[in-house]
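Welcome, and thanks for taking a look. Please keep the sequence and the model side by side while you read this short briefing.

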Amino acid sequence: MDIGFVPTAQPVGRLIEELNKLPGIGPKSAQRLAYFLLRMSADEARSLAEAILAVKERVILCSECQNITESDPCLICRGDGRDGTTICVVEEPLDILALERTRGYKGLYHVLHGAISPADGVGPDELKIKELLSRLQGRPVAEVILATNPNLEGEATAMYLKGLIAPLGVRVTRLARGLPFGGDLEYADEVTLSRAIEGRQEA
Amino acid sequence: MFVRHLSLTNFRSYSRLELDLSEHLAVLEGGNAQGKTNLLEAIYLLATTRSPLVTNESELINWHAGGEGPLVARLFAEVQRAGGRIQVEIAWQAQRATMPVRKRIRVNGVVRRVVDLVGQINVVMFSAHDIDLIGGAPALRRRYLDIASSQVDSRYLYSLQRYNRVLAQRNHLLRLIRDRRAQPAELDFWDRELAETGSYLTVQRRHLVATLSDLAHVLHRQLTAGGEGLQIIYLPGLGGGVLGSDWQPERVKPELEARLRQARQRELALGMTLVGPHRDDIQFLVEGVDMNVYGSRGQQRTVALSLRLAEAEFMLGRGGEHPILLLDDVLSELDSLRRRHLLESVSRYQQVLITATDLDGFEPDFLAKAAQFRVDGGTVRPLGIGG
Ligand SMILES: [Zn+2]
């Protein structure tokens with residue numbers, strides 16, 4: 001990284017370097033942010049540092065559904081009144097928030113953390129697919145709903161999963177069309193999503 | 001159909017322009033680099049979302065407009081169609097010339113996708129670069145087929161966008177498999193999608209080329225005073241032969257799948273897709289002679305003219321409405337016989353916009369019925385009918 005030959009105290013240089021690693025933060029922005037942080041009160045700075053550490057130390061992946069959580073298993077996996085025979089497979093944790101807002105779905109989830117996209121170097125091994133298959137072993141799961149995004153990569157992922165899950169004798173369904181093609185689940189409105197869940201079809 | 005009103009804001013060299021247009025002929029006269037081509041470009045962009053001149057959308061924005069914050073270039077047109085008036089708008093926004101450009105499309109005031117806009121206005125643009133369609137690289141001819149088809153068939157544009165994404169993903173996957181970082185079974189989905197979208201493109205392109213060939217054959221005889229027989233032939237990238245005359249999607253799709261399977265080992269070795277419409281080409285034969293290789297500049301120019309006139313007739317036949325014809329400085333390249341014939345042919349259309357550096361190339365009786373405009377340094381002055 002080139003932040004110029006501006007003479008600066010070593011800790012500031014290190015901070016600039018770290019900030020520059022963040023997405024969307026170039027050398028210039030990193031410098032600006034660093035000097036902004038330098039002017040913060042000690043309390044504010046400590047609060048920010050702790051928030052960052054807390055994300056790393058306290059937020060983990062649920063060993064069941066792979067969603068981000070503070071406790072393992074997560075609140076949904078532990079939840080009473082959830083239907084353990086249905087698993088809805090999504091690409092990202094945010095998709096769960098969108099589906100939970102509909103209040104219509106009472107089953108469990110599984111987060112893949114991405115979708116198959118060779119151009120981005122993401123193949124099946126980079127996704128939480130092994131974890132999904134092991135959840136299906138020896139447990140009474142009757143249906144897996146594939147709720148990956150309605151775009152090419154989401155469809156490629158859904159088809160790949162269907163090829164793995166259908167032979168296990170589990171019913172595999174896909175969210176109904178009606179979601180805008182090319183759109184993300186995250187941005188679909190609640191009514192559309194509810195209809196998509198209710199109208200799901202055999203994949 | 002015809003453009004009633006055109007509005008440009010921070011587009012190219014224009015800071016602001018409001019232009020009322022009427023049906024029939026308009027001649028836009030002005031020196032080089034005064035902005036007359038950009039007026040045609042604006043209408044072409046509103047019809048296709050693509051510029052005929054540049055690939056970098058940042059170049060569409062007038063960066064001299066200055067001011068604080070991001071700059072927005074905006075095109076707006078009100079278009080009269082047989083079924084009523086529509087309003088179309090494209091805006092490009094960027095922070096700086098080097099930053100990514102965000103494009104926003106509206107149809108009748110509502111934000112829409114590219115596939116919703118393309119086809120609302122139909123245009124055929126004639127330009128001096130058309131000669132490259134005949135003498136240039138195959139990619140130019142595929143682009144030609146894509147733009148003509150997309151304007152009259154929204155499923156075509158949808159399939160094309162999808163095909164291009166599938167192709168990019170599949171090529172990456174082929175290289176990953178070659179490097180043993182992915183399994184061959186992962187190709188299944190992409191192969192199926194490639195065959196699904198690719199077969200649609202193939203069937204539609206073949207149909208388009210066959211139609212253009214029939215139309216251009218007649219037009220070319222007229223342009224060459226009864227002389228030369230022109231034939232346009234589709235050369236499919238999935239290979240010819242086997243299908244004979246049966247070009248239905250249900251035949252083409254399994255054929256494309258079969259040829260993908262046959263090519264698999266070679267594709268893996270090269271890390272790219274070798275079969276499909278991204279390898280299509282078309283051939284122009286005059287009296288059996290391939291114009292791409294053996295055509296003189298004059299012959300190539302006349303064939304290009306026949307092709308554009310055929311395209312206009314195709315759109316009229318397919319869409320049921322007159323496309324808007326845009327002629328960008330094409331008269332100066334033609335001899336008087338072809339010039340007269342071209343102006344006569346285009347006069348039959350509902351709206352024709354013609355740019356020229358001077359009025360020497362026009363017959364007086366043609367000018368008498370044309371609305372004339374003087375384009376000068378980013379301003380457009382109407383001179384009235386007949387000048
Ligand atoms: Zn969980």
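## An aromatic pair in chain B

Phe189(B) and Trp190(B) are both buried, where buried means under 20% relative accessible area, exposed over 50% and partly exposed in between (1.4 Å probe, protein chains only). The model is a predicted one, in which local features need pLDDT of at least 70, side-chain atom pairs count only at pLDDT 80 or more, and totals for chains, interfaces and linings use all residues. Residues are numbered from 1 along each chain as its sequence is written, chains are lettered from A and ligands numbered from 1 in the order in which they are written, and side-chain values use heavy atoms, with hydrogens and water left out.

**Aromatic rings**

- Over all chains, the count comes to four aromatic pairs; rings of Phe, Tyr and Trp (its six-membered ring) pair if their centres lie within 6.5 Å, with planes under 30 degrees apart counted as stacked, over 60 as edge-to-face and the rest as tilted.
- One of these is the edge-to-face pair of Phe189(B) and Trp190(B), at 4.9 Å centre to centre and with 85° between the planes.

- Cys62(A) sits in the loop between β1 (60-61) and β2 (68-69) of chain A, and Cys74(A) in the loop between β2 and α4 (75-78) of chain A, so the pair ties together parts that are 12 residues apart in sequence. Helices (H or I, at least four residues) and strands (E, at least two) are DSSP runs, numbered from the N terminus.
- Both Cys62(A) and Cys74(A) are buried, and the relative accessible area of Cys74(A) is 4%.

- Cys88(A) is buried, at 3% relative accessibility.

**Strand β8 of chain B**

- Strand β8 (residues 123-127) of chain B has five of its five residues buried, so it is largely enclosed by the rest of the structure.
- Val123(B), Met125(B) and Ser127(B) cover one side of β8(B), and Val124(B) and Phe126(B) the other; all are buried.
- β8(B) runs parallel to strand β12 (residues 324-328) of chain B, joined by five bridges; two strands pair if DSSP finds at least two bridges between them.
- Val123(B) has Ile324(B) as its bridge partner in β12(B).

**Strand β1 of chain B**

- Seven of the eight residues of strand β1 (residues 2-9) of chain B are buried, so this strand is largely enclosed by the rest of the structure.
- Seven bridges pair β1(B) in the antiparallel sense with strand β4 (residues 71-81) of chain B, where His5(B) stands opposite Glu78(B).
- β1(B) and β2(B) form a hairpin with six residues between them, and Asn10(B) in the turn has a positive phi of about 50°.
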